[in-house]
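These are my notebook entries on one structure. I set down what I looked up, entry by entry, in the order in which I went through it.

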Amino acid sequence: MTGNTFGRVFRVTTFGESHGYAVGCVVDGCPAGVELSEEDINKELRRRRPGGRLASPRKERDEVRILSGVFEGVTLGTPIAMMVENKDANPKAYESIRDLARPGHADYTYFAKFGVRDWRGGGRASGRETVARVAAGAIAKKVLSKLGVRVYGFAREIAGIRAEVEGDIEEVFERAERSEVRFPDTEREGEVIERIESAIREGDSVGGVVEVVVRGVPAGIGEPVFMKTDAYLAYALMGIPAVKGVEVGAGFEAARMKGSEMNDEMYAEKGRIGFYSNNAGGILGGITTGQDIVVRVAVKPTPSISKKQRTVNLKTLENVEISVRGRHDPCIVPRAVVVCEAMVAMAVLDLMMIQGVVPRFFG
Ligand SMILES: Cc1cc2nc3c(=O)[nH]c(=O)nc-3n(C[C@H](O)[C@H](O)[C@H](O)COP(=O)(O)O)c2cc1C
Ligand SMILES: C=C(O[C@@H]1CC(C(=O)O)=C[C@@H](OP(=O)(O)O)[C@H]1O)C(=O)O
């Protein structure tokens, strides 16, 4: 085990560094007979791509090449290898800080672990690695859609401003997709953008919260006792760079509620069981209830900032000051939404496959 692979049955191994030739992944265990085109992947990659006024200005087309595992538009049940070339890598921006550890980034810890590191940006710890997750997630979503399961993500909070969301998740999702920062609260979007712009002016960055809702998972999915649905989702989401916390349903608010408020009361109607609320976030005892699965993720402010900070030269052990220039996201949240969706899709599909409720062939 090297930690580059996610999943037990639907297994994804990612590869590549931010300023290397390419990033990509191998997806093994995908059922056969699922329609899949490069455009299915690219559609999702465009939602994550850098560029624009409020994101890293790095110019990447982020178009995938499917190298194997798909023939005549359908998956073969064999390993699917995918690759996205790095067209706008620019290691020069990092030359002057190649031995300095950026506070908040993984420079020091990679050096501590491996004794050597790709100093061209974050290397393997770069947010760029998430291209590969989104590509694999696009496949997981295709399989899930055949099972009636859909995954929706949006920015719930940015720079301390919380979105008030009204309406069904599909409407919230569509509103967020139209927003420059994936923020579904149209009234407060302007304020959010001002806060990001002000962070840019100050050479600083801001964070926020991504919410993901999964609709259509039947009751009864998840592994007791350790591979619980909530435990597996938290594992999948905490593996995303810059994620510092995960909550399910009422999450940390549950700590302040009474049992009578927290418990989702139940009813039976026409032979089916339902709930009057969803504080559980669709999971009880690690097993799905059949309601929407609701998770939220805390995303920290981008570590690379031009504001001066104190740090260390890893080679000489001198104390120095650092100001990180170059192409960085002033806020990771809008671009992390689809990455969170991808990890959730992979985790849910994997749990369903472990349970044996997914056909190995779609005819
Ligand atoms: C989509 C995405 C984009 C990111 N963009 C940047 C960036 O432009 N600059 C940066 O310093 N970190 C960026 N990060 C965060 C770093 O990759 C991350 O903070 C770093 O690997 C350290 O890991 P940790 O924050 O999980 O401890 C990004 C992360 C994601 C998911
Ligand atoms: C390139 C992407 O994001 C990058 C994530 C990132 C980091 O340190 O995480 C640093 C920046 O890259 P660079 O090394 O070119 O300065 C971002 O642009 C991408 O997401 O496609």
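**Entry 1: a hairpin**

I began with strand E17 (residues 309-312) and strand E18 (residues 319-322), which pair in the antiparallel sense over 4 bridges. I note here that the model is a predicted one. Within this pair, I found that Thr 311 has Val 320 of E18 as its bridge partner. Strands of a sheet pair through backbone hydrogen bonds, either parallel or antiparallel.

I then looked at the turn. The hairpin of E17 and E18 has 6 residues between the strands, and Leu 317 takes a positive phi near 60 degrees there. Leu 317 belongs to the loop between E17 and E18. Is Leu 317 buried or exposed? I recorded 7 other C-beta atoms within 10 Å of Leu 317, so this residue is exposed; the cut-off for exposed is 12 or fewer. I also compared Leu 317 with Asp 99: they are 218 residues apart in sequence, and their C-alpha atoms are 9.6 Å apart in space.

**Entry 2: the sheet from E1 to E4**

I traced an open sheet of 5 strands, with antiparallel pairing and the order E1-E2-E3-E7-E4. Strand E1 (5-6) and E4 stand at the edges; each has a single partner strand, so one side of each is left without a neighbour in the sheet. E1 pairs with strand E2 (residues 11-16) in the antiparallel sense, over 2 bridges. In that pair, Thr 5 is bridged to Thr 13 of E2. I also checked the helix on this sheet: H1 lies across E4 and strand E7 (80-85), and runs at about 150 degrees to E4.

**Entry 3: the sheet from E9 to E11**

I traced another open sheet of 5 strands, again with antiparallel pairing, in the order E9-E8-E10-E16-E11. Its edge strands are strand E9 (161-162) and strand E11 (243-248), each of which pairs on one side only. Strand E8 (residues 150-158) and E9 pair in the antiparallel sense over 2 bridges, and Glu 157 has Arg 162 in E9 as its bridge partner. H9 packs on this sheet, where it touches E8, strand E10 (208-215) and E16, and its direction makes about 145 degrees with that of E8. Helix H7 (residues 229-238) lies across E11 and E16, at about 160 degrees to E11.

**Entry 4: two annotated arginines**

I turned to the record. An unreviewed UniProt entry gives the annotation "binding site" for Arg 48 and Arg 53. Arg 48 lies in the loop between helix H1 (38-46) and strand E4 (64-66), and Arg 53 is in the loop between H1 and E4 as well. Which of the two words, buried or exposed, applies to Arg 48? Arg 48 counts as buried because it has 25 C-beta neighbours inside 10 Å, and the cut-off for buried is 20 or more. Arg 53 counts as exposed, because it has 11 such neighbours inside 10 Å. Setting aside residues up to four places away in sequence, I listed the contacts of Arg 48 as Thr 130, Val 131, Val 134, Arg 335, Val 338 and Val 339.

**Entry 5: a longer annotation**

Lys 300 is in the loop between strand E16 (293-299) and E17; with 17 other C-beta atoms within 10 Å, Lys 300 is partly exposed. Beyond four places in sequence, Lys 300 touches Gly 207, Ala 242 and Lys 244. Arg 327 is in the loop between E18 and helix H9 (333-354), and counts as partly exposed with 16 C-beta neighbours inside 10 Å. Beyond four places in sequence, Arg 327 is in contact with Ser 56, Pro 57 and Arg 58.

**Entry 6: the ligand shells**

Around ligand 1 I found 21 residues, of which Ala 125, Gly 127, Pro 241, Ser 304 and His 328 come nearest. H9 gives the most to this shell, with 3 residues. By class, the shell around ligand 1 holds 9 nonpolar, 9 polar and 3 charged residues.

Around ligand 2 there are 15 residues, and Ser 56, Gly 121, Gly 122, Ser 126 and Gly 127 come nearest. The shell around ligand 2 divides into 2 nonpolar, 9 polar and 4 charged residues.

Methods: Residues are numbered from 1 along each chain as its sequence is written. Chains are lettered from A and ligands numbered from 1 in the order in which they are written. This is a predicted model: local features need pLDDT of at least 70, side-chain atom pairs count only at pLDDT 80 or more; totals for chains, interfaces and linings use all residues. A residue is near a molecule or strand if its C-beta atom, placed from the backbone, lies within 6 Å of it. Ala, Val, Leu, Ile, Met, Phe, Trp, Tyr, Cys and Pro count as nonpolar, Asp, Glu, Lys and Arg as charged, and the others, Gly among them, as polar. UniProt positions are given in the numbering used here, feature names are shortened, and annotations may be inferred rather than shown by experiment. Two residues are in contact if their C-beta atoms, placed from the backbone, lie within 7 Å. Two strands pair if DSSP finds at least two bridges between them. Axes are lines fitted to C-alpha atoms, for helices over the stretch in contact, and angles run from 0 to 180 degrees between N-to-C directions.
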